[in-house]
Amino acid sequence: MIKKLTFLVLLVAAMGLATTLTVIGPWAGTEMDKFVPVLNEFTRQTGIDVEYKIYRAEDLMNVLPAQFLSKRAPGDVIFMWANFIREYGKKGHIIPLSDVIDSEEYLPGALDAVTADGELYGSAYTGKVKPGFWYRKSFFSEHGLKVPTSWDEFVALLEKLKNMPNLNAPIASGNGVGWPLSDVTEHFLATFGGPELTYDLIEGNILWDSHIVRNGLEKLASLISKGYFGEPTEWTMALQQWWAGDYALYFMGSWITGMVDDPNDLGVFALPGAKGVVFGADYAFVPKYTKYPDEAKRLIAWLCGREGQTVQVSQGGHVATVKGIDLANYPPVDREVAKIIQGVTALPDLDDTIGGEFQTTFWDQLKLLWVSPDRLDDVINVIQEKAPRR
Amino acid sequence: MSRKRGSKYAAFFLLPALIMLAVFVIYPVGRTAYISFFDENGTFVGLKNYSKVLTSREIIDLSGFSRGFPLGALVHNIIWVAIHLPLTIILGLSLAVLLKGVKGGSIIKSIVFLGMVMPMIIGGVMINFMFDRNLGVVNAFLGLFGFQAKSWTVYPDSALLSLIFGSVWLWTGFSVILYSAGLETIPKDYYEAAKLDGAGPWKTFTKITIPLLKPITVVVATMTLLWELKIFDIVYVTTAGGPGGASNVMALQMYIYAFRALDFNRAAVVAVILTLFTLLVSIPLVRSVRDDER
Amino acid sequence: MKIRRVALNIFAWTIALIWIVPFVGVFMTTLRPLDELIHGWWNFDSFHPTLENFASAWNHPTAALKKGMVNSLIVAIPGTLIPLMIATMAGYGFSRYRFPLRKSFFILVVITLALPQQTIAIPIFQLMNSLNLIDSYLGLILLHSAWGLPWITFFMRNFFTTIPVAAEEAARIDGANDIVIFFKIILPVALPAIGSACALQFTWVWSDFFLALILIYSPDKLLITQRVPLMRGVYNVDWGLLSAAAIIVMIVPILIYLLLQRYYIKGMVGWSLK
């Protein structure tokens with residue numbers, strides 16, 4: 001009798017000590033509410049408990065280097081910038097995932113950002129698309145405006161908007177760490193230089209001072225000089241102002257659908273002639289110092305595989321990086337966005353992929369360009385200083 | 001005015017502090033200085049890192065004097081000190097004197113103290129919004145006088161200045177508090193004697209208050225100076241050093257080296273340069289308060 | 001004379017009103033929905049104040065400030081009292097005793113003030129790791145105490161140089177030893193300075209984010225300053241919630257400051273050499 005009881009107690013105790021995996025991600029508030037169901041589904045299917053901790057990428061930058069040097073890690077699956085995953089993968093702090101992730105299953109190029117020296121150090125989760133300039137359909141119909149189909153029509157539209165009395169400026173400029181401005185810039189570069197240009201710049205095959213790059217940048221600078229872009233304002237405030245009618249256009253990513261009262265009033269158009277659209281995926285990795293390497297690898301494979309991503313996109317606001325997910329899984333507004341990337345080349349985000357000092361400098365110089373477009377040459381020189389080189 | 005020499009009690013008073021400092025402060029600091037002389041592969045390179053850092057555009061950019069900001073992080077810190085230090089001392093002292101004996105003086109002092117207490121994540125946003133063209137009080141105020149509105153933190157030539165003035169709001173509480181404490185300790189006898197001699201308020205202020213507060217002024221000046229050299233949080237959250245590096249400061253550049261470029265050696269160099277600067281300034285200040293001063 | 005007094009009061013309060021203006025913007029954000037503020041907070045065309053931001057911040061599901069407040073107090077109170085005690089003694093020691101290398105030690109103390117925290121992040125983490133003090137409040141308290149020592153020592157030492165030694169000499173003649181003198185004579189006189197140093201040190205420990213970030217990461221143990229950024233998502237930022245959280249964080253040091261003000265102002269309003 002005592003033996004049976006002891007055994008029962010030990011069994012119960014062992015269950016209590018069952019593995020709990022920790023996932024670290026940057027999403028909080030409503031974004032977190034959309035992520036947790038995915039983790040719950042994993043637990044439901046496998047019985048492994050998952051705990052979610054919030055750490056923004058900037059904070060992880062402060063925390064992880066020190067932890068890794070002491071052979072510790074704060075989580076088992078961690079979401080982080082792709083360039084960090086590459087760097088620290090090369091330094092040996094990350095478990096390679098080639099045995100659990102099959103790159104064929106993903107959109108072409110989706111896993112390039114986390115591959116270094118032939119090894120796959122991270123995996124791509126869902127992402128956000130940055131399709132172009134968003135407008136309110138009601139605003140356009142109220143003022144008799146039409147979506148431009150050529151560059152000249154686009155400039156004409158901007159001129160018409162500039163002369164409208166109630167607008168601060170035709171296009172709202174978002175300020176913040178810098179990505180609202182770099183997103184627009186990359187769009188111009190890809191449109192006028194072709195989708196290949198993004199890859200060439202990431203590799204360092206082309207100089208920023210070259211004709212093909214200048215083409216896009218000069219067009220952008222000329223629009224800024226003519227006053228078509230507003231002064232950079234904190235981007236969530238700018239969103240409110242744009243929605244309230246202080247601006248007509250706002251270059252944003254697909255997360256905007258979750259940030260407005262009436263997503264059905266949203267319309268979007270890319271720069272006429274654009275053949276590539278930036279698709280910013282979220283990346284995750286498994287640190288070498290996790291206590292449960294096998295379970296962690298299982299979790300990351302599930303999360304970033306078809307099953308996890310399907311659950312995620314059905315929550316809205318995300319687009320899958322893995323192939324073969326039926327469009328029916330998307331809520332209606334996101335379906336439109338998902339369709340957009342099916343027609344053009346999905347490009348990686350330029351500054352996110354290069355990362356490091358380049359990204360900080362790129363963002364910083366663009367903020368300068370936006371208020372002093374006459375300093376374009378200076379800006380190009382400084383960016384080139386920190387750009388990767390072959 | 002005699003002094004005890006080498007009393008056995010000296011150890012009692014000083015040892016705990018020195019031990020804690022050695023372990024938690026001096027050791028990490030020493031390590032940092034150490035790695036500034038090596039490169040990323042661990043090879044000793046002497047002063048090469050130093051010349052690399054001091055000649056980089058981010059640290060000193062002399063062409064800025066003709067074209068406009070940025071002038072380099074080092075120059076920016078110097079400008080910061082030149083404007084912020086005198087303002088803090090004068091404002092702090094004036095407010096402390098002004099508020100002594102005013103009804104509800106401690107409430108007013110708490111209002112000034114708000115700046116010290118504000119978490120940077122909100123302090124930075126506050127400064128951005130304060131100077132914004134459409135959302136900001138500063139522009140609304142200047143608009144009353146007919147000034148053209150613009151978002152001050154977004155333009156290279158005004159970004160640093162808006163931060164400096166914002167930081168005055170944030171840091172004055174420090175000097176007010178320390179000066180208030182100093183004022184409380186001046187013996188009433190001195191003031192009474194001065195009144196008997198027929199001295200007016202200004203004379204009392206300049207001949208009694210200011211000299212007696214000198215040791216406090218040294219502390220305020222030193223701490224403020226150090227704070228100005230180390231300034232990071234507020235710049236990081238407000239402009240991240242921009243636009244185009246126009247509001248970059250040494251501590252932020254050090255952060256970028258360490259946590260963005262992942263170059264810990266260059267970051268250590270900046271740290272050492274900052275320390276040397278501090279030494280340059282604080283040693284004379286510290287010496288100026290000689291022990292046989294009353 | 002009365003007029004001068006009144007004028008002075010008015011002037012002081014005007015300054016206070018001007019000084020608080022930047023803060024009003026923050027306060028407005030906590031009370032009013034964001035779309036009311038896009039043309040400036042002084043615009044009252046539409047005014048729908050609400051306190052729900054404060055409630056959400058206090059009871060937040062993942063980053064409740066009420067727990068954060070308790071945690072931060074656990075760190076901030078010892079982190080203030082320990083360095084205050086040790087540094088006041090050290091400041092006194094530097095100001096009253098002569099011993100070899102005194103000036104150099106003192107300068108060493110001041111140098112340590114010079115370094116930004118970011119540089120020492122990695123050595124500190126490694127040090128704490130080897131002492132097994134990661135994710136523990138004890139480690140954080142020791143660290144804050146150690147880093148509070150330089151400036152408090154510096155301030156107290158300078159402060160002590162303004163106090164004449166006459167009273168101490170008198171007590172010594174009466175037969176009291178140094179330790180008794182320190183606790184019975186010096187400390188009471190030093191109260192204004194100690195009070196000020198206390199308020200400032202508390203504020204700095206309370207407001208610290210960086211050291212807490214490196215050393216504390218169990219969700220339960222997070223300090224209040226670490227919980228505020230957790231309320232913002234990558235793309236979704238609720239400024240009302242964040243501002244309300246910031247104000248809750250700010251209240252504690254202000255209360256401590258007011259408390260200390262009354263305490264030491266009541267006790268000592270100038271003292272005289274008898």
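Tutor: Start with contact: two residues are in contact if their C-beta atoms, placed from the backbone, lie within 7 Å. The model is a predicted one. By that cut-off, 17 residues of domain 1 of chain A are in contact with 17 residues of domain 2 of chain A.

Student: What makes up the side of domain 1 of chain A that touches domain 2 of chain A?

Tutor: Two or more residues each come from α4 (82–90), β6 (123–130), β13 (276–285) and α13 (332–343) of chain A. The largest share, five residues, is that of α13(A). By residue type, this side has 10 nonpolar, five polar and two charged residues.

Student: What makes a residue buried, and what percentage of chain A is buried?

Tutor: A buried residue has 20 or more other C-beta atoms within 10 Å of its own. Of the 390 residues in chain A, 49% are buried.

Student: Which residues does chain B use to touch chain C?

Tutor: Contact here has the 7 Å cut-off. On that basis, 85 residues of chain B are in contact with 88 residues of chain C. Helix α1 (residues 9–35) of chain B gives the most to its side, with 17 residues. The side of chain B divides into 63 nonpolar, 10 polar and 12 charged residues.

Note on methods: Residues are numbered from 1 along each chain as its sequence is written. Chains are lettered from A and ligands numbered from 1 in the order in which they are written. This is a predicted model: local features need pLDDT of at least 70, side-chain atom pairs count only at pLDDT 80 or more; totals for chains, interfaces and linings use all residues. Helices (H or I, at least four residues) and strands (E, at least two) are DSSP runs, numbered from the N terminus. Ala, Val, Leu, Ile, Met, Phe, Trp, Tyr, Cys and Pro count as nonpolar, Asp, Glu, Lys and Arg as charged, and the others, Gly among them, as polar. A residue is buried if 20 or more other C-beta atoms lie within 10 Å of its own, exposed if 12 or fewer, and partly exposed in between; C-beta atoms are placed from the backbone.
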